[in-house]
Amino acid sequence: MVFSTKLKLALLVSLVLVLAVLLVLAAMVVHITMTEWCSVVLDAYRDVRWSKLQGTVVVILLVDLNRHLTHSQPKPRHSTSSIKATHSVPSKFGAPAVLFPLLTCTRRWSQNLLVINIPSFTYPYATETKGTEDDIAANNAARNQLWALQISKFLKKRLKISHTDHRPTLCSYCQQIDLSKLNNREPAKYSLGTWQDVLKRSQEDPKCSFCMLVRAFVWNQSQSWYHDGEASIEWLDRGGFFIDTIGDNMCFLNGDTAVSPLGSARLIKPCVDPEMIRNWVGLCEAHHPETCTPKLGLLRQEVGGEESHAGLKVFRVVDVQKMCIVEAVAGVRYVALSYIWGQVTPSLHLLRNNVAQFSKEGSLAALRHRIPRTIDDAIELVASIGERYLWVDSLCLIQDDDEDMLDGIGLMDLVYQLQELVLSYRTLVFTESCVYFRCRQNCWSEDTVYDRFPTVINNVLQSGPLIDFLADSEPSPLEAFSSQLVRYTGRKLTKESDTLHAFTGILRRLAAQMRSGVLQGLLTVAFDIMVLWWTALPRNIVPARKEGFASWSWAGWTGYKDIFCGESGPSDEADRFLKSRTYIEWYVRDPRVVEPRLVWDVQSTVRYGELEENQVGYRAAGGNPYGRDQVSDELATRDLQTRPGCDDALREEYIEEELRRRRYPFLHFFAFVVSIPALKAEFGQAPWAQVHQITGSDGAAVCGGLTLDDPHFLANCAPPHELVILSEFDRYSSFFDDGVNYDRKIFWVMLIVWRGEERVVAERRGIGILFQDCLGLVLPPGKTWKEIVLA
């Protein structure tokens with residue numbers, strides 16, 4: 001067959017076009033296959049670290065950005081098809097293995113991805129655009145489309161939210177955010193219209209991917225659709241996109257090229273990198289030697305030829321090199337492990353009969369199969385970061401030796417205990433999703449790059465001065481006590497019996513600063529303030545009685561506890577309150593001591609030290625143990641008995657029997673008492689508070705309010721109800737967070753209930769206020785003087 005030249009040329013052109021089309025199709029198939037394969041494998045590997053805890057879990061959805069953008073963009077040095085898998089399995093704390101090496105790129109093409117803490121997910125987004133205005137517009141459109149596409153994939157894969165058949169897009173509001181700026185942007189608020197608009201654009205076609213993401217983000221925060229009104233997303237100066245949140249935010253994964261840590265992030269490696277932890281410790285030592293170096297001595301030292309009572313008698317640690325228990329020397333450098341035992345006692349723990357065995361070199365290595373996994377991991381970690389000694393309670397305190405346990409538990413502020421985030425100078429926090437290093441100046445983590453900029457404070461994670469560390473010298477110890485109490489009482493302990501033990505470190509530190517003793521978790525130098533505590537947020541955690549602790553202490557009840565410490569004002573006002581607005585001479589009865597003894601007296605001042613002028617507390621003198629002066633006529637106790645007697649043998653026998661049975665101290669005192677006819681429905685404006693009205697004898701007047709320790713009190717105890725007048729104050733300033741204020745003089749009152757038919761021992765059931773001008777509306781005979789034994 002003979003073909004003309006023109007026909008040959010036409011056939012050749014057609015063949016070239018067909019081949020070109022086939023090559024393009026083949027390239028598309030290879031690209032899609034490789035992209036999805038890489039995404040799935042990386043995604044599955046990252047699931048090993050998945051956690052329900054809030055924090056950063058980075059999932060890679062890897063895309064060859066060059067194939068999605070116009071040809072005006074530079075090409076990366078390697079294509080996606082050059083990626084190869086590695087199959088090595090990392091050890092728990094070994095050198096991190098790389099499952100897939102990411103694209104090796106120029107600085108201009110380094111990975112610039114967006115990390116979103118929902119917990120965090122990762123989306124790719126390209127950077128820079130150069131060329132004509134048309135090129136810029138085309139590239140912006142391509143980027144917006146890529147962004148919409150990747151969010152769409154995530155929404156479908158993770159949240160099971162689909163775009164249906166419509167092409168993913170970004171609405172005009174979300175395009176204005178201009179994601180190409182990455183974190184190189186000034187603080188700004190970006191309008192999203194109204195929340196109803198966001199909801200509409202996330203539900204109706206064509207759906208906006210970013211609006212769908214915002215909706216998912218907000219759902220994660222409130223577990224319901226957000227609210228009506230204007231909607232916006234804000235880039236804050238502390239870095240990241242925020243939607244009315246504190247810690248959860250969106251930031252860019254551009255850690256390798258970031259010129260600032262604000263709003264930047266990096267990938268979390270598949271396993272913990274010991275070198276990163278060593279770097280964190282080294283940075284802290286180099287930059288914060290004054291604030292982050294412990295000041296307190298650990299072991300007891302000789303002072304003037306005599307052994308001091310401050311410090312531990314013996315401090316044992318695990319030597320992770322010799323794998324045995326050793327007694328540490330003064331100045332030893334060690335790592336302490338804070339963890340939760342759970343319901344089962346560790347199978348391997350220190351006892352009197354195995355101390356000698358565990359002290360032999362290699363003894364723990366031979367028993368390693370019996371060491372709990374958490375402790376075993378800690379041993380491995382300590383060794384991997386170049387440290388030698390580890391303190392862990394189950395292996396360093398003799399569990400069947402009461403003296404050794406009490407010595408260790410009583411001085412936990414020198415080691416750590418459950419107050420580790422408050423008392424420690426440097427802390428490593430391990431969650432299933434991320435590792436954090438926190439010191440008294442900053443906070444670094446696997447997913448942020450603040451350690452590359454160690455002088456910049458991480459304000460997203462509330463680090464440095466923003467954290468309520470307990471300072472060696474607190475400017476306001478009373479406020480510090482209040483703050484720490486609220487935080488601590490919200491925690492759930494494995495054993496309720498550890499309620500005071502786990503708070504001992506904080507108590508000892510504050511007691512030393514205030515020159516005070518401690519009684520059932522209360523500082524005795526300001527006892528009249530300390531007894532004014534109540535249940536905060538009672539609707540969140542319903543309070544209940546704890547056995548083994550006094551009802552008059554916060555330790556005797558579950559739930560968040562707040563206290564008048566933070567409301568009593570500056571030190572001079574708190575001092576005036578103790579000096580002129582209190583009147584009770586508090587005595588304590590201990591199961592080990594028969595005679596009542598004063599909670600505070602002159603000997604207390606000798607024992608704990610005389611207060612300085614700016615310190616809050618009792619200033620005892622002569623026959624005035626609580627240093628009171630100028631008490632009002634309403635609280636005057638002239639010619640009244642204030643010291644409990646022990647003359648009634650039957651009564652004393654009953655009290656002593658109750659002390660032995662309950663095994664905690666009682667308060668024994670005289671006080672003014674009134675009876676009220678009823679407590680009625682709650683009053684106040686805040687929905688989270690529960691304050692009940694005190695009703696007057698006329699049945700109409702509101703004479704004050706009470707917050708109950710026991711929410712079942714009204715159902716179990718018929719009126720009338722008995723109130724002990726504790727002290728007075730010149731106003732009520734929404735102390736119970738009920739949203740109301742009264743510019744009226746008040747009495748602080750305690751609701752009590754008598755236990756047993758003998759009516760010898762009472763327990764506290766609530767705290768409240770009684771308006772002084774309503775004193776005439778209490779039940780007859782009015783205000784009476786009464787002896788109280790409070791269990």
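Student: Which strands form a hairpin with five residues between them?

Tutor: Strands β29 and β30 do, and G756 in the turn has a positive phi of about 85°. Helices and strands here are DSSP runs numbered from the N terminus, where helices are H or I of at least four residues and strands are E of at least two. Please note that this is a predicted model, in which local features need pLDDT of at least 70 and side-chain atom pairs count only at pLDDT 80 or more, while totals for chains, interfaces and linings use all residues. Residues are numbered from 1 along each chain as its sequence is written, and side-chain values use heavy atoms, with hydrogens and water left out.

Student: How many bridges join β29 to β30?

Tutor: Strands of a sheet pair through backbone hydrogen bonds, either parallel or antiparallel. Two strands are said to pair if DSSP finds at least two bridges between them. Here β29 and β30 run antiparallel and are joined by ten bridges, with R755 opposite V761 in β30. Strand β30 also pairs with β25 (residues 702-708), in the antiparallel sense and over five bridges; there, G705 stands opposite I769.

Student: Why is β30 described as largely enclosed by the rest of the structure?

Tutor: A residue is buried under 20% relative accessible area, exposed over 50%, and partly exposed in between, using a 1.4 Å probe and protein chains only. Eleven of the eleven residues of β30 (residues 761-771) are buried, so the strand is largely enclosed.

Student: Which way do the residues of strand β20 point?

Tutor: In a regular strand the side chains alternate between the two faces of the sheet. In β20 (residues 587-590), Y587 and R589 point one way and V588 and D590 the other, and all are buried. Three bridges join β20 to the antiparallel strand β22 (residues 666-676), where V588 stands opposite L667. Strand β20 also pairs with β21 (residues 593-598), in the antiparallel sense over three bridges, and a hairpin of two residues joins β20 to β21.

Student: What is the order of the strands in the open sheet of four?

Tutor: The order is β10-β9-β12-β11, with mixed pairing. Because β10 (324-327) and β11 (335-336) stand at the edges with a single partner strand each, one side of each is left without a neighbour in the sheet. Strands β9 (residues 316-319) and β12 (residues 389-391) run antiparallel and are joined by two bridges; V318 has L390 as its bridge partner in β12.

Student: Which residues of the largest nonpolar core touch the most other members?

Tutor: In soluble globular proteins, nonpolar side chains tend to be buried together. A nonpolar core is a set of buried Ala, Val, Leu, Ile, Met, Phe, Trp, Tyr and Cys residues joined through side-chain atoms within 4.5 Å. In the largest core, of 105 residues, F481, F527, W554, W586, L726 and W748 touch the most other members. Strand β29 (residues 746-755) supplies the largest share, nine residues.

Student: Which elements do the buried residues of helix α16 pack against?

Tutor: Contact means heavy atoms within 4.5 Å. The buried residues of α16 pack against α13 (477-489), α15 (527-530), β26 (721-729) and β29. In α16 (residues 571-580), the buried residues are E573, A574, D575, F577, L578 and S580.

Student: How many disulfides are there?

Tutor: A disulfide is a covalent bond between the sulfur atoms of two cysteines. The rule is a pair of cysteine sulfur atoms within 2.5 Å, and the count comes to zero. C171 is in no disulfide, its nearest cysteine sulfur, in C174, being 3.5 Å away. The sulfur of C703 is 3.8 Å from the closest cysteine sulfur, in C774, which is too far for a bond.

Student: How many aromatic pairs does the structure hold?

Tutor: A pair of aromatic rings is described by the distance of the centres and the angle of the planes. Rings of Phe, Tyr and Trp (its six-membered ring) pair if their centres lie within 6.5 Å; planes under 30 degrees apart count as stacked, over 60 as edge-to-face and the rest as tilted. The structure holds 34 such pairs. In one of them, F564 and F729 are edge-to-face, at 5.3 Å centre to centre and 90° between the planes. F564 lies in the loop between β19 (561-563) and α16 and F729 in strand β26, so the pair ties together parts that are 165 residues apart in sequence.
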